[in-house]
Amino acid sequence: MRERVPLVLHVLGARPNFVKAAPVVRGLAELDVPQGIIHTGQHYDALMSDVFFADLGLPEPLANLGVGSGSHAKQTAALLTGLEEVVLEHDPGLVVVYGDVNSTLAAILVCAKLGIPTAHVEAGLRSFDRAMPEEVNRVVTDSLADLLFATSPEALSHLAREGVDPAKVHLVGNPMIDSLKAALPRLDAKAVRHRLGLPEHYAVGTLHRPANVDDADAARELVTAVAEVSRQVPVVVPLHPRGRERLAAAGLVTGERLSVIDPLGYIDFLSLVRGAALVVTDSGGVQEETTMLGVPCLTLRANTERPITITHGTNRLVTPAQLPAAAEKALADGAATPSGDLPPLWDGVSGPRIARVLAAWLRGDNLSPAAHTLSVPYQNG
Ligand code: UD1
Ligand code: UDP
């Protein structure tokens, strides 16, 4: 009789988690590995959650914990309590967590205390800025995970420096790029642009980092800079709910050359980005997507945990004061052609690679050290 393959649980909570998980879920489904999603409910608005399940073809979660919003302590406490219960109920053989959000941190802590093995997708990214809540989440998550999937080569040295056993680490490329590549045939910039009343030449902005939107002075400086960009090119800002009021108070409101709109679903958003002359953002994932699409990206941050988007992509870090001039130059230089040297393994098959390692691990196969240093080669079939 065949032995029962243990259940894999994916813990997802926030918008970027859904995008990273979809290719892994698909990859495991192809290998017939039993799996289920636990949605923590960290993001709950339809445009921050449901639309991603629909656009990415993610299966219905087994449970939604509905933890909602709160201070870091309150949200994390609710996540810990809810996750402990649901993990005990489902008794998984492995829990997979993604990225660097509070749901990721809580899941890894709960599993570590329950003795349940874990895998972290997007391990080893570091901004070296502990003022970012995500950096704290990354460091703790990587120190506790049993399997670590790195999206970018520099992650390997970060993890080694922190004492993570290299035998646990697999460089597999970026599943967010799998989702993007899978979405390409469905992207229709013209349709979304028409719906939003935008001209052919436009820029897209996204803002949600606490350092940018939680402080009134920072928000004002930022909004002034974005307003200056809008004098060069019409700007559309699908705005994350965080800091919406503060940004509005600072003057980020719809005007003649600036449209502030609700967040967009995944396909609509990527459609808009693909057709944009310029993207201005503080998002992590958008830095990667613009690199892949060859759209110039100006990132309003002092640092990035994704430096590969600068060395191998279209990204540039700017201060608000530098933004208008940087935008002028990016618009004058025109679209960046995606170079031949995109980051290694950003090839659209990271999900299957991760799934193959997970399946091998679940079977108890001895993953040889050689397999860990670069990746388990992916072949169709
Ligand atoms: C979280 C992640 C961040 C990630 C971002 C992706 C943490 C610490 N931060 O930040 O790394 O880049 O998600 O989008 O986990 N809100 C709503 N509706 C929602 C969700 C949030 O209105 O569906 C509002 C609430 O006012 C809430 C605020 O947004 O207080 C912040 O939400 P939260 O999930 O705590 O953090 P994000 O800023 O979304
Ligand atoms: N995104 C989206 N609609 C939007 C803004 C972003 O679908 O209005 C997608 C974007 O394409 C990327 C992901 O959301 O795949 C990034 O999420 P976010 O910027 O919220 O988080 P971060 O990557 O900074 O953690």
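**Exercise 1. Is Ala 327 buried or exposed, and at what relative accessibility?** Work out its surroundings as well.

*Solution.* This is a predicted model, in which local features need pLDDT of at least 70 and side-chain atom pairs count only at pLDDT 80 or more, while totals for chains, interfaces and linings use all residues. Residues are numbered from 1 along each chain as its sequence is written, chains are lettered from A and ligands numbered from 1 in the order in which they are written, and side-chain values use heavy atoms, with hydrogens and water left out.

Step 1: Locate the residue. Ala 327 is found in helix α15, which covers residues 323-333; helices (H or I, at least four residues) and strands (E, at least two) are DSSP runs, numbered from the N terminus.

Step 2: Apply the cut-offs. Buried means under 20% relative accessible area, exposed over 50%, and partly exposed in between, with a 1.4 Å probe and protein chains only. Ala 327 has 0% relative accessibility, so this residue counts as buried.

Step 3: List the neighbours. With residues within four places in sequence left aside, Ala 327 is in contact (heavy atoms within 4.5 Å) with Val 229, Gln 232, Leu 278 and Leu 298. The C-alpha atoms of Ala 327 and Val 279 are separated by 9.1 Å, although these residues are 48 residues apart along the chain.

**Exercise 2. Describe the protein chain as a whole.**

*Solution.* Step 1: Count the elements. The protein chain contains 17 helices and 13 strands.

Step 1: Along the principal axes, the C-alpha atoms fill a box of roughly 70 × 45 × 40 Å. Of the 381 residues, 56% count as buried, and among contacts with a separation of 6 or more, 69% come from residues 24 or more positions apart.

**Exercise 3. In what order do the strands of the open sheet of seven strands stand?** Then trace the pairings and the crossovers.

*Solution.* Step 1: Write down the order. It is β3-β2-β1-β4-β5-β6-β7, with parallel pairing, where two strands pair if DSSP finds at least two bridges between them. Strands β3 (63-64) and β7 (169-171) stand at the edges with a single partner strand each, so one side of each is left without a neighbour in the sheet.

Step 1: Five bridges join β1 to β2, and Leu 12 stands opposite His 39 in β2. From β1 the chain crosses through helix α1 (residues 15-30) to β2 in a right-handed β-α-β crossover; right-handed means that, with the strands pointing away from the viewer, the path from the first strand over the helix to the second runs clockwise. Two bridges join β2 to β3, with Ala 63 in β3 as the bridge partner of Ile 38, and the crossover from β2 through helix α2 (residues 50-56) to β3 is right-handed.

Step 2: Turn to β4 (residues 94-98), where five of its five residues are buried. Leu 94, Val 96 and Tyr 98 point one way, whereas Val 95 and Val 97 point the other way. Four bridges join β1 to β4, and Val 95 in β4 is the bridge partner of Leu 9. Four bridges also join β4 to β5 (residues 118-123), where Val 121 is the bridge partner of Tyr 98; the chain crosses between these strands through helix α4 (residues 102-114), and this crossover is right-handed.

**Exercise 4. How many of the 14 residues of α16 are buried?** Compare its span with the expected one.

*Solution.* Step 1: Check the span, whose expected value is 1.5 Å times one less than the number of residues. Helix α16 (residues 350-363) reaches 20 Å from its first C-alpha to its last, close to the 20 Å expected.

Step 1: Eleven of the 14 residues are buried, so α16 is largely enclosed by the rest of the structure; among them are Pro 352, Arg 353, Ile 354 and Leu 362.

Step 2: Look past the end of the helix. Just after α16, Gly 364 takes a positive phi of about 85°.
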